[in-house]
Amino acid sequence: MGRRHRCRRSLTMTGIPTTWYNIIPDLPEPIAPDQPAPGGGGGLNPQIPTGLVRQELSRASEIAIPAEVLEHYRAFRPTPLRRAERLEREVGGGARIYYKYEGGNVSGSHKLNSALAQAYYYKQAGAKRLVTATGAGQWGTALAAACRAFGLECHVYMVGNSYRAKPYRRVVMEMLGATVVPSPTPDTAAGHEALAADPATGGSLAIAMAEALEDARRDSGSRFATGSGESYSLLHQTVIGLEAQEQIAAFGETPDVVVASLGAGSNFGGLAGPFLRDRLRGGEGPRCIAVEPDACPKLTRGVYRYDYTDSSRSTPLQKMYTLGHAFSPAAIHAGGLRYHGTAKIVSSLYSTGTIESVAYGQNEVLASGLRFARAEGIIPAPESAHAVHAAIVEARKAADAGTEPVILLCLSGHGQYDLAAYDAHLQGTLEDSGLSEEELALSLSSLPEQPEVAVRVH
Ligand SMILES: *Cc1c(COP(=O)(O)O)cnc(C)c1O
């Protein structure tokens, strides 16, 4: 007990940080300001409550976590940080592998860390009901749990194909009191239009988002809650890295390599951010690696340009690494990593060479997920299996080089509802789709004309 007292000021007795770490003031290059979309939509989305807008614009390094949010964090935080000793032995060499496990809450992933904070600020702003869109269902499940926690109604437009093919997250959302409908629905103009064009359509996240936005705009008590792409989501996820810093120090270790999967960037930024703080301030720090699927390689193969954050083009433009808002990734099982863009903070870190990225195919990734499940007894979500795979690759490289690094990975969620992916992998029917040069070029041709941006003098 109490072996380490470092940074006590920012921890409660139970080891939960009481502040989030805002990395923005420490970035080596300021984030490029958002720009109004050509022909409409400008400024910050009017649906976002001021509590979150203030966080997006804050230049304070530490932002207090509201007591009401902390109280709900206490139900599942601090989350465990464990050493994967059996996996280490199996991989061989001298690397020590630690994982931070975020799957042990009712939503099954790290997304609840931000959903709780978002629901809190929406409630502060007077919302009675939150509306959102979800693909495979992780974000919808997290928001449903957060709405339950704060006494808000929750209505979820779930991509029709997933609604039918993956019923279990829908059931969890309903258990938590949310209403879930398969998108497109005939109840909104956007859904009506999509159904008129193709009555048999399985839907898409773009249509589901358009429906959710339209629904939320219809009545004054409702607000649209975005997923994990905004800077405030990454801020909320820094509880992962802040806890991990304390925990790994209690093992007497300092990580040499930090790895996490990259969807929009919040679990990667949330884990890596606090570990980068010293380095950004001129000190030492680990290598940080963002891991993407080779079917959606925005950092490894995308461009750093202004783009829409959604394919319905209803948002302001953000400067980020993107594959183009019209990008339609192959139907890989890691649904949470199929987003075309990258959080602005992660984009800035990558463009300045502060972080690294790698991309892998889903068979090698799921093989590593399977190895982790057998060795450590937790089935990783296909998204999280990307981080596991990268950690194993790093451990093997170190074994060949004769070094013994400490590797820390984010096990962002469990894969209990993703067994179809592991089944296909075991049956040998899982496809590695990758992304051809032609597909990439076609998608990049959808980028909007780049706005003229005044260079900020500082
Ligand atoms: C959504 C999701 C991700 C990716 O999202 P980020 O915004 O990049 O964090 C990773 N893992 C799991 C389990 C997810 O549900």
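Start at helix α9: select residues 205-218. In this predicted model, α9 is part of what covers the buried residues of α8.

Now select α8 itself, residues 189-197. Which of its residues are buried? Colour Ala190, Gly191 and Ala194: these are the buried ones. Look down the helix axis. The three span an arc of only 95° around the axis, so they sit on the same side of α8. An α-helix has 3.6 residues a turn, so residues three or four places apart point the same way.

The face pointing away from the buried side carries His192, Glu193 and Ala196, which are exposed.

Show side chains at the contact. From α5, pick Gln138, Gly140, Thr141 and Ala144. From α7, pick Arg169, Val172 and Met173. Colour them by type: three are nonpolar, three polar and one charged.

Finally, zoom out to the whole chain. Count along if you like: 17 helices and 14 strands. The radius of gyration is 21 Å, close to the 23 Å that the globule rule gives for 458 residues, so the chain is as compact as a globular protein of that length. Its C-alpha atoms fill a box of roughly 60 × 50 × 45 Å along the principal axes. Colour by burial, and 58% of the 458 residues come up buried. Among contacts with a separation of 6 or more, 76% join residues 24 or more positions apart.

Technical notes: Residues numbered from 1 in each chain as written. Predicted model: local features only at pLDDT ≥ 70, side-chain atom pairs only at ≥ 80, totals over all residues. Heavy atoms only, no water. Buried < 20%, exposed > 50% of the residue type's maximum accessible area, 1.4 Å probe, protein only. Helix = DSSP H or I, 4+ residues; strand = E, 2+ residues; numbered from the N terminus. Arc of directions from axis to C-beta. Contact = heavy atoms within 4.5 Å. Nonpolar A, V, L, I, M, F, W, Y, C, P; charged D, E, K, R; others polar. Rg over C-alpha atoms; globule rule 2.2 N^0.38 Å.
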